[in-house]
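Morning, everyone. Let me put the model up, and then we start at the ligand.

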Amino acid sequence: MTAPAKSSLADLAAQPISIVTDPPGPRAREMIARALPHLSPSLIHCYPLMVKRASGCMVEDVDGNVYFDAEAGVATASTGHCHPAVAEAIAAQAEVLIHICGTDFHYPGYGEICERLGALVQRIGPNSHHWQTFLTNSGTEAVEASIKLARHHTGRPGLIAFRGGFHGRTLGSLSLTASKSKYRRRFGPLLPNVFHARYGDAASVEELFATVASPDDVAAIVVEPVLGEGGYIVPPADFLPRLREIADKHGILLVFDEVQSGMGRTGKMFAAEHTGVVPDVVLVAKGIASGMPLGAMIARKQVMTWPAGSHGSTIAGNPVAIAAGLATIGLLEKELNANAARVGDLLKARLADRLRGSPAVTEVRGVGLMIGVELATPALAHVIADLCFRRGLLVLECGSKTIRFSPPLIIDDAQARTIAELFAAVCKEASAPA
Ligand code: PLP
């Protein structure tokens, strides 16, 4: 393969995948070796990628290799890397106000994005609720906010979450997270009164009520409308409607953690829109501001009953992150959600077609641009993710043996075909007898 010519950032978006030196190349190896002794060993670094710059769906490493990013910085660079409209909004905001603290003072974008998010949540399904928003820096903070709000509003301590669910790594959200035991190991005791039901099975919540958790002690049911880190699993159609009924029956808040499935990822602004089930609280973060640190807890006004001072944050809702968020939401609404739905169908169909009969693959599933390819074994998933990297395709694992595809929502048809082809070739290579 030939070395890419020196190019502007915008040109990078139009470049093909190009591996000019086996990754990690010499510069990447040197820089990673220098950085590692200074980093927390808790970071994962699933493969040795040292990124120099990124544009659209393409990522260039420090050795000049160009990759297709089918993971979008963990489903976060929704509008593509360094979208010009987002970059301009960030630059313009940085010239006038970088920080003042949204907990204590007002500034224009804060109210605007909260109003916008409330209007978007209103469209999930029939409801006449007024919605109010608390902004955060991250997904886990949005989950923490919902735990506090639910407890404060109901006066109850209990929480129901689901096996396979991922809600973050701070101690409250970690108490809900149940996708892998390594996330919880040696961090206990976690929050008491947290119970885990089976994902996709609303009857298992009733089982918990009958056996270990009296429903009148339960503040909230927290659920991902599509399971993310736990394996990109779309639940049965009756799951969310049944949870809504159960929550209503017992005066429990229904919290949708859309940190991964929200902001257009599934082809609609929120995955909940596919069912029309309206929750009491919606959590978003990844994808809301194209990678700037922003998250949100959006709740019905009737449950936002906590008083001034009961929750806040110094930096959350930072003006620059909000500017990126407003630009991102504009792009999602204008065309990207529709693109995610259309190209998502195409990519899933292509992957299913190219992987049919492959001994490596047991299932292709998902919705929109949240697509999982389940492999025969965890070891194979790991080998394939690594081989994809070496061939110029960035993907991540999820669940125990699934590769997730969560590319930027700007991906086009030709790119979808290219990555399906490349992935199929990698699966073939990985499963070929040695
Ligand atoms: N909730 C879900 C569904 C997630 O997928 C994640 C992160 O992957 C989180 C919460 C935590 O988000 P963050 O990593 O921004 O804290």
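Around the ligand sit S138, G139, T140, F166, H167, G168, E224, D257, V259, Q260 and K286. A residue makes that list if one of its heavy atoms lies within 4 Å of the molecule.

Ground rules now. This is a predicted model, where local features need pLDDT of at least 70, side-chain atom pairs count only at pLDDT 80 or more, and totals for chains, interfaces and linings use all residues. Residues are numbered from 1 along each chain as its sequence is written, and side-chain values use heavy atoms, with hydrogens and water left out.

Back to the shell. It divides into two nonpolar, six polar and three charged residues. The classes: Ala, Val, Leu, Ile, Met, Phe, Trp, Tyr, Cys and Pro are nonpolar; Asp, Glu, Lys and Arg are charged; the others, Gly among them, are polar.

Which atoms make polar contacts? A contact here is a pair of N or O atoms within 3.5 Å. A ligand oxygen is 2.8 Å from a polar backbone atom of G139. A ligand nitrogen is 3.4 Å from a polar backbone atom of F166. How much of the ligand does the protein cover? It covers 82% of the 390 Å² of accessible area that the ligand has on its own. That is Shrake-Rupley with a 1.4 Å probe.

Next, the strands. Helices (H or I, at least four residues) and strands (E, at least two) are DSSP runs, numbered from the N terminus. Two strands pair if DSSP finds at least two bridges between them.

Strand 5 (158–163) and strand 6 (194–198) pair in the parallel sense over five bridges. R163 has R198 as its bridge partner in strand 6. The chain gets from strand 5 to strand 6 through helix 7 (171–176), and this β-α-β crossover is right-handed. Right-handed means clockwise from the first strand over the helix to the second, with the strands pointing away from the viewer.

Four strands form it, in the order 1-2-3-13, with mixed pairing. Strand 1 (51–55) and strand 13 (393–394) are the edges, each pairing on one side only. Strands 2 (58–61) and 3 (66–69) pair in the antiparallel sense over three bridges. V59 has Y67 of strand 3 as its bridge partner.

Stay with Y67. Aromatic rings of Phe, Tyr and Trp (its six-membered ring) pair if their centres lie within 6.5 Å; planes under 30 degrees apart count as stacked, over 60 as edge-to-face, the rest as tilted. The count comes to nine pairs. Y67 and F389 have ring centres 5.6 Å apart and planes at 5°, so they are stacked. Y67 lies in strand 3 and F389 in helix 11 (378–391), so the pair ties together parts 322 residues apart in sequence.

Note on methods. Polar contact = N/O pair within 3.5 Å; in protein donor to acceptor, adjacent residues only side chain to side chain.
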